[in-house]
Amino acid sequence: MLYWHNQTEHYWPAQTEHYHQYVTANGGREMLPLPLFKHEDSALSSDHEASAITFQYILGAATSPAVKLHEETLTYLNQGQSYEIRMMCNQNMRGLLEPNGKLLKSIVRVVFHDRRLQYSEHQQFQGWKWNRPGDRLLDIDIPLSVGIVDPRINPTLLNAAEFLWDPKKQTSVSIQVHCISTEFTPRKNGGEKGVPFRIQIDTFKMSENGDYTEHLHSASCQVKVFKPKGADRKLKTDKEKIEKRSPQERSKYQPAYETTVLTECSPWPDTPPCANISPAGSPGYSPASPIPFNLPEGCSSPSQQVDGSVQSTIEHLSPTLTIQETQQWLHLHRFTTFCKLFANFSGADLLKLSRDDIIQICGPADGIRLYNALRLRSIRPRLTVYMCQEPQPEKEKEDGQDSPNAAMCVYKEIYLEDLTKAELTNKLAALFSISPNQILQIYRQGATGIHILVGDQMIQNLPDESSFIINSLKVDSLNGYYMILK
């Protein structure tokens, strides 16, 4: 159920409201000016700069005091706890939005802060989903949210949610993060060693086509997520450590603000195109309405067929392959899930990756498989046998004495893996272009001219690279052949 606020007064705060309390070393509280987007700025923005600000998002969670100056703020969150994010829009911006519609669309998501993990984000989240079936990384707490319209989630995008909101009204979205930082570390030694995340919000307005595809603003902040009550303990520990330092050392660290201002950033790369939302729809929770995920250009979906000529030319990855051909190679070798990850990689780029790089990006199982495919590591067959068809006397007379077939016998290789009579029968049938059912029996001619029935045990004891001349005896009454290996 959504709670609506019908007030239409401007909610963009005055400059005097951009102050945040911080905890001093002696436990007292002082009022320090907080800039609109960056904590490291020491002075308030001028009236002209303030009027140029478009949006501001404020997370209702305290920042850590153990962050040095000129570094990005770090905020600790508890797993599953609801945190309010206030959505504010400048008064001047509201006038510009009127012609295209009064509602805006925002997408809130939790992503990795580490660029290395961003490359393997899809695989990391899929592994988390496997261990936590039915759970999501991020949810919107609708009863605690104010002024949001038509919140939606995509069952396949576990880390994102979207909603509409009116910039003229008081709006705040309440989010819950269900993943903890240590779930994505090789060694789960505790929250302090966990990986940091980012809470990012991308805002769009309605275009002339009626779609929310025109990007307006993006902002994010760095967070770490702990088990319940863990964030409170960690924040207390950081404060105690800073208080024990000398005043000179404390001056190198940022003050602890009671709220976190999301700093402006670039839009998330896979944000556009966004799902269409009808502004006339009634507020509701629609899990079945997805935010679409599109494969990058050149990467075909599994239902699409690749041309046979293209398949033959990119069967083996070479350094000369273009980006599009590399995408087709990944699809042909069952690496479709990594097409988006390697969207800008050519054949030479992929071949430059080391084994450790590929495993780190794709995970152990798929990483080893991709590495072997890139290095063309073929599997040696268990048994190789060479076969030659015995020339027929009538065939020799027709070819004549000058025919090369009459002078020599050409052998063809047969590779066996299962080492069974059934496998040998299928291989011989393919060699003679007949049906396996037409091979009535297979014999091996002994040293004294006797015929020995070939079975599984005999095939398993054949020396590797054995050679045989095959004499095929046709049985017209049974419409089949006896195969004799000499």
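1. Thr-171 belongs to strand 10, residues 171-177 (strands are DSSP runs of E, at least two residues, and helices are runs of H or I, at least four, all numbered from the N terminus). The model is predicted, so local features require pLDDT of at least 70 and side-chain atom pairs pLDDT 80 or more, while totals for chains, interfaces and linings use all residues. Residues are numbered from 1 along each chain as its sequence is written, and side-chain values use heavy atoms, with hydrogens and water left out.

2. Thr-171 is buried, at a relative accessible area of 1% (buried is under 20%, exposed over 50%, partly exposed in between, with a 1.4 Å probe and protein chains only). A polar atom of the Thr-171 side chain lies 3.2 Å from the backbone oxygen of Lys-169. Beyond its neighbours within four places in sequence, Thr-171 is in contact with residues including Ile-85, Met-87, Val-146, Ile-148 and Trp-165 (contact means heavy atoms within 4.5 Å).

3. Ile-85, one of the contacts of Thr-171, is also among the residues with the most contacts inside the largest nonpolar core, together with Leu-59, Phe-184, Phe-197 and Ile-199. That core has 42 residues (a core is a set of buried Ala, Val, Leu, Ile, Met, Phe, Trp, Tyr and Cys residues joined through side-chain atoms within 4.5 Å). Strand 12, residues 214-226, gives the most to this core, with five residues. Not counting residues up to four places away in sequence, Ile-85 touches, among others, Tyr-57, Leu-59, Val-173 and Ile-199.

4. Another core, of 21 residues, lies apart from the largest one; Ile-414, Leu-419, Ala-429 and Leu-462 are among its members.

5. The count of aromatic pairs comes to 12 (rings of Phe, Tyr and Trp, the last by its six-membered ring, pair if their centres lie within 6.5 Å; planes under 30 degrees apart are stacked, over 60 edge-to-face, and the rest tilted). Phe-55 and Trp-165 form an edge-to-face pair, 6.1 Å centre to centre with 70° between the planes. Because Phe-55 lies in strand 3 (residues 55-59) and Trp-165 in strand 9, the pair ties together parts 110 residues apart in sequence. Phe-55 and Trp-165 are both buried.

6. The pair of Tyr-443 and Tyr-482 is tilted, because the ring centres are 6.0 Å apart and the planes stand at 50°. Tyr-443 is in strand 17 (residues 439-445) and Tyr-482 in strand 20 (residues 480-485), so this pair ties together parts 39 residues apart in sequence. Tyr-443 is partly exposed at 23% relative accessibility, and Tyr-482 is partly exposed at 27%.

7. One aromatic cluster is formed by Phe-112, Phe-125, Phe-184 and Phe-197. Phe-125 is in helix 4 (residues 121-131), where Glu-121, Gln-123 and Trp-128 are buried as well as Phe-125. The cover over the buried residues of helix 4 includes strand 6 (104-112), helix 3 (115-119), strand 9 (157-165) and helix 10 (355-362).

8. The structure holds zero disulfides (a disulfide is a pair of cysteine sulfur atoms within 2.5 Å). The nearest cysteine sulfur to that of Cys-221 belongs to Cys-265, 9.7 Å away, and this is too far for a bond. Cys-221 is buried, with a relative accessible area of 1%, whereas Cys-265 is partly exposed at 24%.

Notes: Polar contact = N/O pair within 3.5 Å; in protein donor to acceptor, adjacent residues only side chain to side chain.
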